[in-house]
Amino acid sequence: MINYDPSVTAEQKAALNDIIGQLYPFQWQKFDVDTQGFTWEIDEKAGVAHAKMNNGKGEVVLEKSKGDDPSREIVMQNLKYWKAQTNDGFRMWKSKHEEFEGKDHKFSYDGTNGFLITIHFSGMAKAAAAGN
């Protein structure tokens with residue numbers, strides 16, 4: 001499920017769709033698109049990241065994992081993320097809760113692995129397939 005904020009323009013959606021198709025180059029078993037507002041915030045001091053859809057149908061709560069030295073964040077470096085050219089490292093957090101319900105999709109998980117990542121992806125857009 002890809003969710004776009006209502007403020008995303010048609011041009012931005014086209015660019016994001018192109019990037020997502022190149023970043024994750026495989027055939028999805030299920031795929032759907034929705035447009036819902038959402039909030040996303042990371043409270044570094046509290047060690048909590050929270051995303052929530054405005055309609056209440058989806059939420060993710062991550063907590064920062066504590067390592068042997070609690071003054072340093074656990075970051076896994078030198079590991080490829082799908083087809084992104086580079087990334088800033090996998091910031092290892094733990095999923096306290098994640099859930100989604102909508103468009104014939106429904107799941108809820110607690111206590112799974114999680115991470116935050118900033119990827120770098122650039123280049124030319126792929127040409128649209130004939131007939132698209």
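Is Phe26 buried, exposed or partly exposed, and why?

1. Phe26 counts as partly exposed because its relative accessibility is 35%. Buried stands for under 20% relative accessible area, exposed for over 50%, and partly exposed for what lies in between (1.4 Å probe, protein chains only).

2. This is a predicted model, in which local features need pLDDT of at least 70, side-chain atom pairs count only at pLDDT 80 or more, and totals for chains, interfaces and linings use all residues. Residues are numbered from 1 along each chain as its sequence is written, and side-chain values use heavy atoms, with hydrogens and water left out.

3. Phe26 sits in the loop between helix H1 (10-23) and strand E2 (33-35). Helices (H or I, at least four residues) and strands (E, at least two) are DSSP runs, numbered from the N terminus.

4. The whole structure holds 10 aromatic pairs. Rings of Phe, Tyr and Trp (its six-membered ring) pair if their centres lie within 6.5 Å; planes under 30 degrees apart are stacked, over 60 edge-to-face, and the rest tilted. One of the pairs is Tyr24 with Tyr81, edge-to-face at 6.1 Å centre to centre and 85° between the planes. Tyr24 lies in the loop between H1 and E2, and Tyr81, 57 residues apart from it, in the loop between strand E6 (75-76) and strand E7 (86-87). Tyr24 is buried at 19% relative accessibility, and Tyr81 is buried at 15%.

5. Phe26 and Trp82 form a tilted pair, because their ring centres are 5.2 Å apart and their planes at 40°. This pair also links distant parts of the chain, 56 residues apart. Trp82 is partly exposed at 45% relative accessibility.
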